[in-house]
Amino acid sequence: MAALCLGLAARADDDVGTLTPEKAERSFKAEPAYSPYAGRAFPMRPLFGDTHLHTAASFDAGTFGARITPRYAYRLARGEEITSSSGQPVKLSRPLDFLVVADHSDNMGMFPDLYAGKPEVLADPQARTWYDMIMAGQGGTAALEIIKAFGAGALPKSMIYGPDTRPYKLAWQDTIAASEEYNDPGRFTAFIGYEWTSNTGGNNLHRNVIFRDGGDKAGQVVPYTTMAPLGSDNPRDLWTWMQAYEDKTGGDVLAIAHNGNLSNGRMFPLIESFTGRPVDQEYVETRARWERLYEATQTKGDGETHPLLSPNDEFANFERWDFGNLDASVRKTPDMLEFEYARSALRNGLKLEADLGTNPYKFGMIGSTDAHTGLAAVEEDNFFGKTTPQEPSPHRLSATFVDNPQTRIKVMDWQVSASGYAAVWATENTREAIWDAMQRKETYGTTGSRMAVRFFGGWDFDPADATSRNPGAIGYSKGVPMGGDLTAAPDGKVPTFLVAALKDPLGGNLDRYQIVKGWLDDQGQTHEQVHDVAWSDDRTPGADGKLPPVGSTVDVANATWTNTIGAPELIAVWKDPDFDPDQRAFYYGRVIEIPTPRWTAYDAKRFATKPLDGSEMTVTERAYTSPIWYTP
C-alpha cells in the first residue's frame, strides 16, 4: 500500500495491509502541488482481461472444432476483427487490456497432430475412431469422450504427449513465442501461462498458472502435467513445481483455481481427498502461498455462493451449474456444496486460520471466460459460446451440451453463461504491474460487464467521504483497498468501508452495491450476512430490512432495455453495525446491475428462434470484489 501511494513499483511482498499516519503523510503531502495528479501513482482505472482462454492447442478445444491459434486470440483481445472457427466475423466491443492463453498442460500439441491425421497417432484404434468422428462433424461427441477418457486415465498411449517429448516442447515454445510477440507493455499485456488440469475421477481441481516473467525464464521449464511419472493430479505437487520454478529461474508464478462447482466437494477441503485426513499446517501454508486468487465466475457457472448455502441471499440463485462433476459421471449431493463455493470457502478459511494459524482460503476474486474457442467474447450481445459448436447459430438455444444417460445429467447450451472478465487495479499495463496487483489481490471479477468498482476498508471513513469525486484518493489515504487487511481494532472503533461503482458505459445501470460479511463466532461457528449499502432510485427497505426490487425494463422479444431505472454510479460509506473486535471476519463488495437481456434473448431475436421452456432470458450482471479481512 505504501509503495503504491509513493509511486514505487509495488511488489507482491510489499505491505498492503497496514497504513500508518506517517505513510499517509508521505503519500498525500499537506501542501500538494497545484496539479492534483502530480506525484500520484495509485491505480486510477481498472484494467480488464481474461486469465483463462483456450485455443486450438488445447486437446479438447481442438476436438470441439476450435482452429483459433494463440496469435489470433491475442489479435481479437487487442481489438482486431478476426474470423471465428465457425467462419463468422467477430470483434469485441472494446479491446481488452490483458489476456492469458491458458491451454491445457496435458497433451499440449497433441490435437494438431490428431487433426492432421499423423499415422503414429492414428495407429491406435480408439484414436482412429475419434479422428473419424471429428472428420465426420461429430467433434463435440468425440471431445466429451476424450475428456472422460482423460479423467479416467484411459487415453490411448499414442494420444499422450508427455512434457519430455519433442512435439510437446515445440508446442510450449510456440505458446511462449506468441505471447512475446503480442505483449506490448503500456498498451496490452500478453501473459505466458497454462492450465494444470487435475481431473481425477472427473472431479475438477484445475488451476491456471500465470508467469510474471518473459520467455527467458518461462522457457526454462515446461508446464507441470497431471499424469505420472512426470506429473501428478495432487495440488501439493503443483505447488512443489511452482517453488522449483522460482528457485531455478528467480521468477514469479501464481495459480488460480476455478469451477469448484464441478469438483464434487474437493476444491476447498477441510478433509483432503488425496489423503482422507484433515488439511494440515503444510497444506494451509503452501496453498496460501501460491493461490492468491479464485476465478469465481465463468462460462460453466457462477461460483460465488449457492441458495442452499446462503438461503437468505436473494441473489444467490445465479447462473447455477450444480449438476455433478466435470465429466458428469457423478451427480451432485448437497453435502458437497460447502466445499465448492467461494463464500463458504472464505468462511471455512476463518476456522482453519483459528486452528492452524494460516488461512488457506484467503483469496481474491476474479472472473474469466474458460472459453474453448480462442475468443474472449462473453458480452451478452456478442457471446461466442463455451466451445466452437456453441458459436452463434439458430440451433444453440435448443442444443444439448452435456448428456450422460447413466447419471441422468443433462446440460443444455442455453445454460452456458456469458461470463466473465477479470478486473485488476494495476498502476500500469505491464506483466509486472498486473501480476503484482493479482498477487496483492487488488482485483475483482465481473460476469462480463466492465463496471468500475472501488472497495476500501478502514477505521475512519465518514459519510462526507462519499461526496468525493475521486474515492480512490480518499480510499488509499484512509484505508486499505480490496485484498487488504484490518487488524487490532483501535478502542471504540468499528470497521468502515468506502464503496463506489460506475456503470459500464455500454451496460445496464446499477441496482445496488452490497457488502457481504462473514465471521467466526466465539463457539467456532461461521455466519454470513448481506448488507445493502447503496442503491438506486427512491426505494426504502421494508420492515424485513429487504430493499424492494429495482424492477425491469427489459423487452425480451426485442432484446433491449431502456435504462430508465437504476443509477449510473453509486457511492457510500458503511459502518458495520454488529462488529465484535474479538471475532475474525471478512467483507467483500457485490455490485448488481439492473436486469438486461441475456445472450439467449439476443439469439432468439437474431435467429427468430423459440427458446426452450425454462430458458433464462434476462440477467443481472454483477461484480465481486476481493475481500478485506479483519483479524483481531
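**Helix packing, an open sheet and local backbone features**

The axes of helix H11 (residues 235–249) and helix H12 (residues 281–290) come within 10 Å of each other and cross at roughly 55°, where axes are lines fitted to C-alpha atoms, for helices over the stretch in contact, and angles run from 0 to 180 degrees between N-to-C directions. H11 is therefore oblique to H12, since angles under 35 degrees count as roughly parallel, over 145 as roughly antiparallel, 65 to 115 as roughly perpendicular and the rest as oblique. Residues on the H11 side of the contact include Trp239 and Met242, and those on the H12 side include Tyr283 and Trp290, contact meaning heavy atoms within 4.5 Å. Helices (H or I, at least four residues) and strands (E, at least two) are DSSP runs, numbered from the N terminus.

The model is predicted, so that local features need pLDDT of at least 70 and side-chain atom pairs count only at pLDDT 80 or more, whereas totals for chains, interfaces and linings use all residues. Residues are numbered from 1 along each chain as its sequence is written, and side-chain values use heavy atoms, with hydrogens and water left out.

Four strands form an open sheet in the order S16-S15-S18-S21, with antiparallel pairing; two strands pair if DSSP finds at least two bridges between them. Strand S16 (479–481) and strand S21 (569–575) are the edge strands, each pairing on one side only. Strand S15 (residues 452–458) and strand S18 (residues 496–502) are joined by seven bridges, and Arg454 has Ala500 in S18 as its bridge partner. Helix H15 (residues 471–478) packs on this sheet, touching S15, S16, S18 and S21, and its direction makes about 30° with that of S15.

In the loop between S18 and strand S19 (510–520), Asp504 is buried at a relative accessible area of 4% (buried means under 20% relative accessible area, exposed over 50% and partly exposed in between, with a 1.4 Å probe and protein chains only). A polar atom of the Asp504 side chain lies 2.9 Å from the backbone nitrogen of Arg450.

Most residues other than glycine have a negative phi, and most peptide bonds are trans. The peptide bond from Ala228 to Pro229 is, however, cis, with omega near 10°, and a cis peptide bond with omega of about -5° joins Ser419 and Gly420. Asn264, in the loop between strand S7 (253–258) and H12, has a positive phi near 50° and is buried at 8% relative accessible area.

Methods: A polar contact is a pair of N or O atoms within 3.5 Å; within protein, one must be able to donate a hydrogen and the other to accept it, and residues adjacent in sequence count only if both atoms are side-chain atoms.
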